[in-house]
Amino acid sequence: MSWVEPQEVLVAKALWSVERANTYFLLQRRKGHADRGIGSILVNTLDTVLDSSAKVAPYRLLHQTPSSDICYIIASGSSKSEIHKSWTWLEQNVMETLPTFENDDDVTEFVLGKIRSLAATSENTKTLSQNSKKFQEATMKFRRIFGMPEEEKLVNYYSCSYWKGRIPRQGWMYLSINHLSFYSFILGIQTKLVIRWVDITELKKTHTMLVPESICVYVREQVYNFSVFTNVNETHKLMVQLANISVRQIIDKESFEEDLALANKPRSSQKSSKKKRKSSTLKRDLDARERSEKYRLLFRLPKTEKLDGHIQCTVWAPYEKNYIWGKLYLSRNFICFAGIPEDVVKIVIPMRNIAIVEKANSSAALPNPISITIRTKSTLLLGHLQDREYLVELISDFLSKTSHVRYGKQNSESGSEEPGSPPATFEPALRTIFCRRGSDDVDPKELMKENLWSMHFEEYGKGVSMYRTPKLQELVMKGIPDSSRGEIWMLFSGAVNELGCHPGYYQSLVEQSLGKCTIATDEIERDLHRSLPEHPAFQSSRGIDALRRVLTAYAFRNPSIGYCQAMNIVTSVLLLYSTEEQAFWLLVSLCERLLPDYYNTKVVGALVDQGVFEDLMKGYLPKLHDHLQNLGVVATVSLSWFLTLFLCAMPFNAAVKVIDCFFYNGARVIFQLALTVFRINMEKLISCKDDGEAMTVLSMYLGSIRNRDYKDVRMNPDPSFPPCDIGDLIERACERFTEISETTIEKMRFAQRLKVVKKIEDSIAKSAIRSAQPESKFDKDVLGDLFSLFKEELRAKTYWGGDEEEGAGAGVLLNSSDDQFVADKELFIYLFSNLSPWRFGDVSKQVVQRFFLLLEENHTVSFRELAVTLGIMCKGDVQQKLSLIYRLHLPPCCSMDSPEAEFGVEAMQFFTAADGDVNEVFQEKVARLSNGTVDTGVELPDPDPLPKVDVENEPITKDMVDDHYAMDDASNVEESGAIDEKSPVTEAEKLSAPAKKKPTGYRHMLASKYPAKPLPVMNQLQFIQLCKTVYNMFRDHEKESELYQAISVVATLLLKMGEAGAQSQVSQKRDEVDGFVFVDSAGSDTKSDEMKECDAPSETASMENKQQGQDANTETTPVPAKKVPCGGDANEWTITFEQFVASVLTEQALTEFFGAEHKIDSEIGVLRSNHAVERVHLTPSTP
C-alpha cells in the first residue's frame, strides 16, 4: 500500500465498487477482482489489454465531501489487508479532526495537504530509483502474476500476441534477468507462460504473409510464437542479450551483477527521448554493456574496460595533412578514435601514456580543438568538439586517477619492469637464442621487411598510439619481420594494454606457482615435450622451462580453464617470437578475448565456432557441405584447425603467417581461410567416398602450402598438389568472403552457443542419470524427471542467492563429474521433505536432518545419493527399508547429547505400560520366538549375533562405521559399476576420464540388499528414538490404529529381549576366566595393559572391587570385568538389527506397510511446475 499524490476522479464509481464509506472517505475495489460474472470478465480483460494500473492496485481510497461531486484518490493497495490498514489510520488520526472545520473546502484542503505530506515522506523512505512509476507498476504486476521474488529483476515489458495454436492471445511479455514470461486474460481465458532463458535453444525473427513480424522461441521440441510488437527489433535484441547472459553464466560460472553505479547515475539532460525515459535501469545497464562490448572488440581492449561515452569530432591526420571525421570514445583507462567508416583510421591512447591535455586555439577550420600530448612527444589534435570544457575536465579527472608506469626499459633477460627486481629468470624470444644467424646469413627479404616497417612507423607513429590505417593491412600481408613479430603481435592483439595495466603480475604468478602441484601442472608436464619437438628451442631445458612457467602461470591465473591440450602448441610458437612475459599476455588475450571459451574443459568455444563454420559452409558451399556432412569430415577437421590456428595442419612458416593475420584481423581470417581451402578442393572432395579419403585430400593440400619468404624444404612434393603461397591464399580468402566480419561471427556464435551448451548439458545429464540408475530403483523416465527437478532447483538457488554453502549450485555448470551435482543442506531438506513417501509427523524436522547426516559428504548430498535413498523408500524391500530406518538412529545420525533424548523416559513408560491385550500378545510372541516357531518369511538370525571385535575406549564416529562396514566383495563392486581401487590405473586414464569412486560406507549399504557385515547394536535410548520415529510414520494412515497396536507389540517385545540379553551376558561374563581382574589388598589393579585396553570397568564392578578389597587382607580376588561391544557395556540394554527385522516381520500390518511401493511422479511434477519461483529461500514443507 502507498499514499499517492492526490488526483481528481470525476466518475468515482465507474468500474469500481464501494466496500466501505463514511462522510469523507470511500474504500473501493476494482470490479473483476476477487469476483465473477460477465462484467468482471470484461473489466479484467480491459485492464490486461490496456495495462491498467488497477491490475496492480485493485484497491483504493478516495476523499469526497458531501457538498462536492469531485473525488480525490489518496491511496492505493494490492490487497484488502493493506488498504484496510490505511482506512483504520484515517479513522484514528484524521476523522476526529475533520468535524471541527467550518466548511467542506477547508476539510478538503486539510486532507489533501496531509496526504501530500504522507506521500512525500513515504517516497523519501524508499530506495532511490530511476525507474518510472509506470515501470514500477509493471514490476509489481510481474511479481504478483508469476510469483517472482524481488531478486528477479524485470528488464522491460512489451505488448504482444502469443499464438496458441491458430488463436492469438493478446497480452504482455515480461523480460526479466532469468525468465521470459507472458500473461494474457481475454474474456475469462487466462494464459500464463514462464520460460527460462537457459532452456531456449534458438531465437529467430520470422516474416510471413499472415504474421508480418514475429519472434519464434525454440525450447527443445516446442516452439512459441509471439507477434504484433510495437518494436520487434528492440524486443528481439533484448531477448538475445538476456539469453546470452544466461548462457554466459553457465559457461563462466558467474552470476549476473547489476551495475549499481549506472543505476544511481543521473540521466543525461541532452535530448532524452520519451522511450529512454521509460526504460528501466537494468535495460540501460544492458545497453551500456553492449556498447562497452563493441568498444572493447573494436579496439582490442581489456575485458574490464567500460565505455563512458562517445562524441563526434575530427582528428588531424599528419600523414594526409587533413582532418578525418569520426567518433571519440572515452573510458576509464583509454581514449580511442575511430574514423567513419571505422577502417579509415583507428587510434588507441592509454591514459598512462598521456602527459598533457589542454585546449587549443580555435579557428574557422578547426573549432573547439583540444591537444593531447603523449609521453613519446607526439601530439594528437582533436577538433569540432561540442562540449570541449566538459571533455577536458573528464579526461583530467581520469588522468588524476591513473598511475603512470615506465615501460620499455626491461632487462634483456628478465621480464621484470622494476629496476630493483630479482636476477634474470625469464627468457627473451627463443628465436634469438636458437636461431641466430651470422652477418653473412642475413636474409635480404627480412631486411626489406624491416625497412618497410621502419618507414611505416616513421610516418604513422610507433607503439600502441600509432595511426592504424588500411596500409597497415597491406604491410601485414607483405610480411612481418621476425625481429619485430613479438612486438607487433602485442600491439595487434591488445596484449600490450594488459601488460601495461598489470606490471609485475606475471612474475608474481610464477612465484606463487613455484613448487605447486595440481592436476593442471601434471597435464602440463605430460605435454611439455610434445610442443614443437622438432624445433631446437624445445629440445633444450631453457625452452621447456619457459614453456612450463608460462602455462603454469596461466593455470594459476585462470583455474576455471587451468590447462587444455593445444595450449602448449600455440604457446610454444608465441615463445619463439616474444619474450616470456609477452608470451603470457598473448596467451591471456588468446584464451579470454580473441578465442573465448576455446580452452576450457569442454572446449565450448571451439565447438561453437565449429557450428558457425558449418553454417557458413551451408550458406557458401551447400553442395559440398551436404556431401561432407554425410562423411563427418567438417566437424573433425575444423575443430583441429581452430584449436591450433592451423599450426598442426600446415608447415610451420605458413602457419606463422596465419597467426600474423589472426592477431590483426581477428577470428574471421580463420573462417575465411578454412572456407577457401574447402572451395579450392571442392571437386576432389565431392568425389571422395569415405572420410579417410577426404581427410587425405585436405592433408595433402595443406601440406603443399608454403611461405615464399622462407626456403621450401619439402622433399618430393606431390604433383597433384602444386605449391601454394600462404599470402596469396589469405588474400583470396579475404577477397572472396569479405562480408564475413567480426559482427557477423559474433551473431552466429550466439545462436550456436545456445545449441552447444544445451547439448553439453544434455550429455552431462544423461551421464548422471546413467550412473545413478544401477543403484537406484527408479526407471529411466522417473530418474530423468528427478534429475531435471534437482538441476532446476540448483539453478533457481543460483538465480536468487540464498545462503549458499561451498559446493552448492556447482552441478548446474558445465562440469563432467557426476559428483558435482550436489545439494547443500537447505536444498536437500526442501527436496527430501516434498518427495519422501514417508511422513514423520512431529519429528519430521529431526528425521530429515538425520537423513542429511547419513548421506552428506563435505556438507553436501549428491544427486546419486538422493536418488538411491528415495528409490529404497519407494521400491525397496522390507529389509532395505528397515535397514535405512535403523541406520538413522545410530551415530553419527543420532547423537546421545541430542535434545531428542528427553522423550526417552516418556516413550519407555508408554511401551512398558501397555494394556492387558498387548501383554497377552507379547507373551505369545515371546513363547513363539523362544520355540523358533515364528514364520517371518526370512531365516532367523543367530541368537548371539554380536560381532566379536576389540573396541578401543573412544567414541564411535561416522568414519569408523564407514570403514568397518565398507563393501570389500569384488562382485558387489562390479555390480554397482564402481572401479576397483586395487586395480592398476594409469595416470593417462585418470586424466582422460573422471574415475568413479568406489562406493563405500553408508552410501553403498543403502543400495546393498544384504550388508556384508552386521550393523552395530542399538542401545535403549536409540531404540526408543527409533520407536517414536516409526510411531509418527503411521499418523493419518488408513490403518492407523492397527499399526499403532502392531508397533506397540514389537516395541514391547524388543524391550524384553534387550533386557533378557543384558542379563544373560552379565551371567556369562562372570563365568569367563579371561575376563577376571585381580585386585590386591591395596585395591591396585594387576591386570595387564593389553587387557585394560579391551575392558571398560563399570561402576558396579568398581564397587565390587572396593567391597572385596575390604574383606580380604592381601589375597587377590577375581572380579568380573565387562568388555565394551560396539553398542556399549556388556550389561547394557542392546538389540541387534536382525532382532529388529525379525520382530517387525511377525506383524502383518507392519510387513504390509513397509512392503508397499510408492510413486513420486506426481510430487516431482508438482515441484517442477512451480519452477521454484514462489520462494526466495528454500523452506521444507511439513511432511
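This is a predicted model: local features need pLDDT of at least 70, side-chain atom pairs count only at pLDDT 80 or more; totals for chains, interfaces and linings use all residues.
The protein chain contains 46 helices and 27 strands. Of its 1183 residues, 50% are buried. The chain exposes about 56900 Å², and 51% of this area is supplied by carbon and sulfur atoms. When contacts between residues at least 6 apart in sequence are considered, 68% of them join residues at least 24 apart.

An open sheet of 5 strands is arranged in the order β1-β5-β4-β3-β2, and its pairing is antiparallel. Strands β1 (2–9) and β2 (16–21) stand at the edges with a single partner strand each, so one side of each has no neighbour in the sheet. On average, neighbouring strands of this sheet are turned by 30° against each other, direction ignored. The antiparallel pairing of β1 with strand β5 (residues 71–77) extends over 5 bridges. Within this pairing, Ser2 has Ser76 of β5 as its bridge partner. Helix α2 (residues 80–93) lies across β1, β2, β3 (25–30), β4 (59–63) and β5, and runs at about 20° to β4.

Glu91 and Arg20 form a salt bridge in which the closest N and O atoms are 3.9 Å apart. Glu91 belongs to helix α2 and Arg20 to strand β2, so that the pair links distant parts of the chain, 71 residues apart. Glu91 counts as partly exposed because its relative accessibility is 34%. Arg20 likewise counts as partly exposed, at 33% relative accessibility.

A second open sheet has 7 strands, in the order β9-β8-β7-β6-β12-β11-β10, again with antiparallel pairing. Its edge strands are β9 (189–196) and β10 (202–206), each of which pairs on one side only. Neighbouring strands are turned by 30° against each other on average, direction ignored. Strand β7 (residues 167–176) pairs with strand β8 (residues 179–186) in the antiparallel sense over 4 bridges. Here the bridge partner of Trp172 is Tyr183 in β8. Helix α4 (residues 133–146) packs on the sheet and touches β6 (154–164), β7, β8 and β9, with its direction making about 60° with that of β6.

Towards the other end of the strand order, β10 and β11 pair in the antiparallel sense over 5 bridges. Thr206 stands opposite Ser214 in β11. Strand β11 (residues 214–219) has 5 of its 6 residues buried and is therefore largely enclosed by the rest of the structure. The antiparallel strands β11 and β12 (residues 222–227) are joined by 6 bridges. In this pairing, Cys216 stands opposite Asn225 in β12. The hairpin of β11 and β12 has 2 residues between the strands, and Arg220 there takes a positive phi near 55°.

Across the whole structure, 32 salt bridges are found. Side chains of opposite charge can pair when their charged atoms come close. One of these salt bridges is formed by Asp597 and Arg248, with the closest N and O atoms 2.6 Å apart. Asp597 lies in the loop between α19 (580–594) and α20 (604–620), whereas Arg248 lies in helix α5 (residues 232–252), so the pair ties together parts that are 349 residues apart in sequence. Asp597 is buried, its relative accessible area being 12%.

Another salt bridge is formed by the side chains of Arg549 and Glu580, at 2.7 Å from N to O. This pair links helix α17 (residues 541–557), which holds Arg549, to helix α19, which holds Glu580, across 31 residues. Glu580 counts as buried because its relative accessibility is 0%. Lys237, Glu290 and Lys294 are linked in a network of salt bridges.

On the surface, Met448, Leu452 and Met455 form a nonpolar patch with about 290 Å² of accessible area together. Met455 lies in helix α11 (residues 444–460). With a relative accessibility of 54%, Met455 counts as exposed, because the cut-off for exposed residues is over 50%.

Key. Residues are numbered from 1 along each chain as its sequence is written. Side-chain values use heavy atoms; hydrogens and water are left out. Two strands pair if DSSP finds at least two bridges between them. Axes are lines fitted to C-alpha atoms, for helices over the stretch in contact, and angles run from 0 to 180 degrees between N-to-C directions. Contact means heavy atoms within 4.5 Å. Patches are made of residues with over 30% relative accessible area and no salt bridge: like charges are joined within 9 Å, nonpolar side chains (Val, Leu, Ile, Met, Phe, Trp, Tyr) within 5 Å. Accessible areas come from the Shrake-Rupley method with a 1.4 Å probe; for residues, only the protein chains shown count as cover. A salt bridge is a side-chain nitrogen of Lys or Arg within 4 Å of a carboxyl oxygen of Asp or Glu. Buried means under 20% relative accessible area, exposed over 50%, partly exposed in between (1.4 Å probe, protein chains only).
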